[in-house]
Amino acid sequence: PAILRFIMKHGDGENWSAIATTVVRNLPQQEALPFIEEACRVCPVGKGELLFQALAFHRSREVIPTLRECLNRTWADNRLMSDESVYDWAAHDATALIEYLSQFGEKGPDLREKYQVLVNHPLATNRQNALHRLSPYFK
């Protein structure tokens with residue numbers, strides 16, 4: 001635990017992503033959860049999946065507001081739905097966030113609408129990712 005705390009204190013977003021699930025598994029909840037939630041809030045759009053995954057791994061509904069906040073921030077990013085590269089990492093984050101919210105039983109027209117947008121992404125790789133990860137929740 002000491003090395004995790006050192007990385008938490010002195011690391012950066014890439015370090016935090018690398019240790020996120022280990023932090024959730026090995027540190028007390030009252031220490032791990034605030035750290036991971038704050039890391040999610042400050043990580044750049046397109047770089048958050050491992051942090052979001054750690055929140056989902058936590059299996060506590062108290063993380064839902066943070067996941068929703070991150071989804072809203074990601075959805076508002078102007079890089080979402082970009083076709084300027086081989087893969088849209090903002091869309092990847094949005095797909096992951098919708099998947100994790102769905103695993104908590106979150107439903108609603110807003111998630112369904114976002115799913116529909118993602119499965120019609122201009123990049124085939126992002127369309128396939130959204131279909132693969134989200135279709136089980138939106139049949």
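**Helix packing and aromatic pairs**

Reply: H1 and H2 cross in a left-handed sense. The model is a predicted one, and what follows should be read with that in mind. H1 covers residues 2-10 and H2 covers residues 13-26. Their axes lie 10 Å apart, and the packing angle is about 140°.

On the H1 side the contact is made by Leu4, Ile7 and Met8. These meet Asn15, Trp16, Ile19, Thr22, Val23 and Asn26 in H2. Sorted by class, the contact of H1 with H2 has 6 nonpolar and 3 polar residues, with no charged ones.

H6 runs over residues 89-103 and H7 over residues 109-118. Their axes come within 11 Å and cross at roughly 145°, and this crossing is left-handed. H6 contributes Ala91, Ala94, Thr95, Ile98 and Leu101 to the contact, while H7 contributes Leu111, Lys114, Tyr115 and Leu118. The classes in the contact of H6 with H7 are 7 nonpolar, 1 polar and 1 charged.

Now the rings. A pair of aromatic rings is described by how far apart the centres are and by the angle between the planes. There are 3 aromatic pairs in the structure. One of them joins Tyr87 and Trp89, with ring centres 4.7 Å apart and planes at 65°. Planes over 60 degrees apart count as edge-to-face, so the pair of Tyr87 and Trp89 is edge-to-face. Tyr87 has a relative accessible area of 18% and is buried, since the limit for buried is under 20%. Trp89, at 49%, is partly exposed.

Another pair consists of Tyr115 and Phe138, whose ring centres are 4.8 Å apart and whose planes stand at 15°. Planes under 30 degrees apart count as stacked, so the pair of Tyr115 and Phe138 is stacked. This pair links distant parts of the chain, as Tyr115 is in helix H7 and Phe138 is in the segment after helix H8 (124-134), 23 residues away. Tyr115 is buried at 7% relative accessibility, and Phe138 is buried at 10%.

How values were computed
Residues numbered from 1 in each chain as written. Predicted model: local features only at pLDDT ≥ 70, side-chain atom pairs only at ≥ 80, totals over all residues. Heavy atoms only, no water. Axes fitted to C-alpha atoms, helices over the stretch in contact; angles between N-to-C directions. Helix = DSSP H or I, 4+ residues; strand = E, 2+ residues; numbered from the N terminus. Left-handed = near helix turned anticlockwise from the far one by under 90°. Contact = heavy atoms within 4.5 Å. Nonpolar A, V, L, I, M, F, W, Y, C, P; charged D, E, K, R; others polar. Phe/Tyr/Trp six-rings, centres within 6.5 Å; stacked < 30°, edge-to-face > 60°. Buried < 20%, exposed > 50% of the residue type's maximum accessible area, 1.4 Å probe, protein only.
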